[in-house]
Amino acid sequence: MARLALSPVPSNGLVVLLMLLSGSTCGIGQYPRFMAKKRGSVVKIICQLEVTGPVSWLWKQDMDSEPKELAVKPGRIQQTQTSTNATLTIHDAQFQDNGIYFCQHRCPDKSLQMGCGSELRVMGFSTLAQLKRRNTLKDGIIMIQTLLIILFITVPIFLLLDKDDSKAGMEEDHTYEGLNIDQTATYEDIVTLRTGEVKWSVGEHPGQE
């Protein structure tokens with residue numbers, strides 16, 4: 001029985017076949033997605049190509065609404081490309097290089113494919129004097145916060161204590177006034193009673209004038 005022999009398919013032909021079946025004939029990948037670099041360091045952004053074609057680089061800063069074409073600066077910003085990769089290299093990175101970088105690939109059908117973007121943040125160096133100033137500032141802020149907390153806790157307590165003392169003083173004053181009134185009334189009753197007893201003792205009727 002004769003067997004059907006399948007001819008081997010080249011790997012690149014298989015890739016093209018899969019791309020045709022998936023409906024994508026020109027795909028790109030970009031990495032890394034985010035970078036934090038020190039000032040003066042070297043930055044590299046890579047764009048992977050599935051199909052060979054020209055690549056250009058775009059970038060945008062925070063205030064830009066749309067990315068714009070990146071200007072090549074010989075010796076500092078360089079673009080290199082092979083059949084499968086395109087690389088953007090930034091030497092001596094500075095703060096003005098902060099932004100989001102995009103690779104843009106022109107496909108064989110003249111369409112443009114843009115990468116997902118790579119965000120770059122350039123960080124500065126901190127000297128010993130700057131670190132000391134930061135620590136001093138932090139200590140001052142902590143001390144101010146502590147004093148404010150103490151004030152917010154102690155002031156209401158003192159106000160409550162003063163309020164309680166004033167209430168106690170008012171209650172004592174009313175108590176003494178009540179006792180004085182009662183005592184005065186008692187003395188008047190005693191004097192009246194004694195006068196009546198004296199009049200009764202000399203033979204006069206208390207109700208007669």
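User: Why do β4 and β8 count as paired strands?
Analyst: Two strands pair if DSSP finds at least two bridges between them. Here 6 bridges join β4 to β8, so the pair passes that test. The two strands run antiparallel. This is a predicted model, where local features need pLDDT of at least 70 and side-chain atom pairs count only at pLDDT 80 or more, while totals for chains, interfaces and linings use all residues. Residues are numbered from 1 along each chain as its sequence is written, and side-chain values use heavy atoms, with hydrogens and water left out.

User: What makes β5 a strand?
Analyst: Strands are DSSP runs of E with at least two residues (helices are runs of H or I with at least four), numbered from the N terminus. β5 covers residues 68–69, so it meets the strand rule.

User: Why is the pair of W59 and Y101 called stacked, rather than edge-to-face or tilted?
Analyst: Rings of Phe, Tyr and Trp (its six-membered ring) pair if their centres lie within 6.5 Å; planes under 30 degrees apart count as stacked, over 60 as edge-to-face and the rest as tilted. The ring centres of W59 and Y101 are 5.7 Å apart and their planes sit at 25°, so stacked it is. W59 belongs to β4 (residues 55–60) and Y101 to β8 (residues 99–106), so the pair ties together parts 42 residues apart in sequence. A search of the whole structure turns up 1 aromatic pair.

User: Are W59 and Y101 buried or exposed?
Analyst: Buried means under 20% relative accessible area, exposed means over 50%, and partly exposed is in between (1.4 Å probe, protein chains only). W59 has 13%, so it's buried, and Y101 has 1%, so it's buried too.

User: How do you know that D97 and R76 form a salt bridge?
Analyst: The rule asks for a side-chain nitrogen of Lys or Arg within 4 Å of a carboxyl oxygen of Asp or Glu. For D97 and R76, the N to O distance is 2.9 Å, so they qualify. D97 is in the loop between β7 and β8, and R76 is in the loop between β5 and β6, so the pair links parts 21 residues apart in sequence. D97 is buried at 5%, and R76 is buried at 17%.

User: How many salt bridges does the structure hold?
Analyst: It holds 2. E119 and R121 also meet in a salt bridge, at 3.0 Å from N to O.

User: What makes M63 exposed?
Analyst: M63 has a relative accessible area of 63%, which is past the exposed cut-off. You'll find M63 in the loop between β4 and β5.

User: Is L159 buried or exposed, and where does it lie?
Analyst: L159 is exposed, at 56%. It lies in helix α2 (residues 128–201).
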